[in-house]
Amino acid sequence: MKYIADYIVVGTGLTGSVIARLLKDAGKDVLMLEKREHVGGNVHDQKHESGVLMHTYGPHYFRTHSNRIWEFVNRFSNFYSFKAIIKAKVTSGLENWPIAANYIQKHVGEHWEPEFTGTPLNFEQAALSLMPRKVYELFIKEYNEKQWGVKATELSADLCKRFNVRADNNPYLTPGHAFQGLPLQGYHQLMLNMIHGIPYQLDVDFLKNRDKVQARKLLIYTGPIDAFFDYEFGRLAYRGQRRETVFHENQKLAQPCVQVNTPMHIDGSQIRRIEWKHLQNPSSPNTTKGTLITTETPFSPDNPDQFEYPFPDSPNQTLFRRYHMAYKKLNNIMICGRLGEYRYYDMDQVIARAIYLAEKLL
Ligand SMILES: Cc1cc2nc3c(=O)[nH]c(=O)nc-3n(C[C@H](O)[C@H](O)[C@H](O)COP(=O)(O)OP(=O)(O)OC[C@H]3O[C@@H](n4cnc5c(N)ncnc54)[C@H](O)[C@@H]3O)c2cc1C
């Protein structure tokens with residue numbers, strides 16, 4: 001079988017689907033290829049046999065500051081309001097995450113000076129310039145050592161931009177975002193609606209079928225950039241999560257919020273516990289008696305299907321730049337998305353980026 005179209009989009013995640021949608025809306029001839037057996041990439045969700053909806057590749061909380069992105073996603077689904085609350089299990093019990101001001105007041109005191117004041121050269125120094133050592137050691141250090149599998153001093157200082165200490169006690173993960181919610185019928189349905197009317201083929205690995213694919217105008221590839229080049233310069237490192245999901249039939253709810261992080265080594269290598277029932281729409285609650293919990297444990301995957309977080313250090317950035325330069329020498333191809341750009345993007349960021357790229361093409 002040959003796959004021929006003006007625009008061939010490899011990957012049906014948010015990046016590929018947004019670009020395909022905008023090209024199709026502009027009257028272009030588009031075909032999508034997907035190696036997995038479902039569309040939607042990493043935002044895919046599914047009903048567990050208990051009837052509880054779960055996100056296949058880890059919890060996805062949608063939030064954005066942008067009116068435009070909110071209007072765009074609402075084209076494909078209505079949303080119900082949902083603001084994530086996350087707790088961290090530390091020695092004093094379950095505490096707010098991000099760390100609340102009253103935790104610091106109670107456990108460190110009103111007045112504290114940052115232990116590190118220069119230009120941070122690594123993650124540990126960056127964290128100690130933002131928060132007291134006690135807080136760093138309980139909430140941050142071991143969490144990141146579990147997440148990345150290396151010592152905190154080996155991680156990049158930039159990673160610290162993703163952590164903050166609250167000046168207040170607001171319990172929500174992202175209280176400042178104007179729009180937050182979850183799609184009424186789930187992400188899978190949202191993604192099906194987004195690509196409605198665009199032909200697509202599942203179970204087709206582009207890399208194993210290159211000779212059968214003919215993009216007359218442009219190939220848009222959203223898979224891993226190093227895999228595209230057959231790992232010619234070496235492999236980019238990623239972390240993934242092993243997920244173990246258990247239905248507890250005699251428990252109504254097991255934890256106070258959707259996500260409980262277990263940042264300390266003493267709690268084992270698992271890093272967080274997700275209780276899916278907290279995500280359900282309050283106006284049509286699932287009546288399942290028990291509760292469904294997924295435990296996530298970080299690891300270093302070889303299989304590209306399990307690549308989740310690009311590794312935050314400079315050797316990998318240097319390697320990525322080598323691949324990126326090789327890509328820039330090619331014609332009629334665009335490599336993009338979280339795997340193509342070797343970059344963590346939230347959903348709203350990846351949609352904004354895909355809209356920008358599609359508009360450049362049109
Ligand atoms: C654990 C985790 C939790 C997250 N939680 C949140 C959250 O709470 N809020 C938020 O805003 N964002 C979250 N994100 C980010 C969100 O998942 C990404 O922004 C989004 O999925 C990126 O979409 P993408 O299309 O670039 O990549 P992907 O979704 O990975 O899509 C790429 C697609 O390409 C396909 N593909 C790859 N190679 C080939 C090939 N050779 N042939 C054919 N198809 C191929 C893949 O199968 C996949 O379907 C989270 C990410 C992770 C990893």
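Q: How many residues surround the ligand, and which are the closest?
A: In this predicted model, 35 residues surround the ligand. The closest are Gly11, Gly13, Gly41, Gly223 and Gly337.

Q: Which helices each supply at least two residues of the shell around the ligand?
A: Three helices are listed: α1 (14-25), α9 (337-340) and α10 (347-361).

Q: By class, what does the shell around the ligand have?
A: There are 15 nonpolar residues in the shell, along with twelve polar and eight charged ones.

Q: Which residues of α1 meet α10?
A: From α1 come Leu14, Thr15, Val18, Ile19, Leu22 and Leu23. They meet residues of α10 including Met347, Val350, Ile351, Ala354 and Leu361. By class, the contact has 13 nonpolar residues, one polar and no charged.

Q: What does the domain assignment of the chain give?
A: It gives domain 1 (3-83 + 180-236 + 307-361) and domain 2 (101-162). Taken over C-alpha atoms, the centres of domain 1 and domain 2 are separated by 33 Å.

Q: How is the size of an interface often given?
A: Often as the accessible area lost when the parts come together. Four residues of domain 1 are in contact with six residues of domain 2. The side of domain 1 that touches domain 2 has two nonpolar, one polar and one charged residues.

Q: Is Glu296 buried or exposed?
A: The test is a neighbour count, and 20 or more other C-beta atoms within 10 Å makes a residue buried. Glu296 is buried because 21 other C-beta atoms lie within 10 Å. Its place is in strand β15 (residues 291-299).

Q: Leaving aside neighbours within four places in sequence, which residues is Glu296 in contact with?
A: Glu296 is in contact with Gly58, Gln241, Arg243, Gln270, Ile271 and Arg272. Asp348 is 52 residues from Glu296 along the chain, and their C-alpha atoms are separated by 24 Å.

Q: Now Thr64: buried or exposed?
A: Thr64 is buried, because 22 other C-beta atoms lie within 10 Å. Thr64 lies in strand β5 (residues 62-64). Not counting residues up to four places away in sequence, Thr64 touches Ile69, Trp70, His177, Phe179 and Asp348. The C-alpha atoms of Thr64 and Cys160 are separated by 21 Å, with the two residues 96 apart along the chain.

Notes. Residues are numbered from 1 along each chain as its sequence is written. This is a predicted model: local features need pLDDT of at least 70, side-chain atom pairs count only at pLDDT 80 or more; totals for chains, interfaces and linings use all residues. A residue is near a molecule or strand if its C-beta atom, placed from the backbone, lies within 6 Å of it. Helices (H or I, at least four residues) and strands (E, at least two) are DSSP runs, numbered from the N terminus. Ala, Val, Leu, Ile, Met, Phe, Trp, Tyr, Cys and Pro count as nonpolar, Asp, Glu, Lys and Arg as charged, and the others, Gly among them, as polar. A residue is buried if 20 or more other C-beta atoms lie within 10 Å of its own, exposed if 12 or fewer, and partly exposed in between; C-beta atoms are placed from the backbone. Two residues are in contact if their C-beta atoms, placed from the backbone, lie within 7 Å. Domain bounds come from an automatic or database domain assignment.
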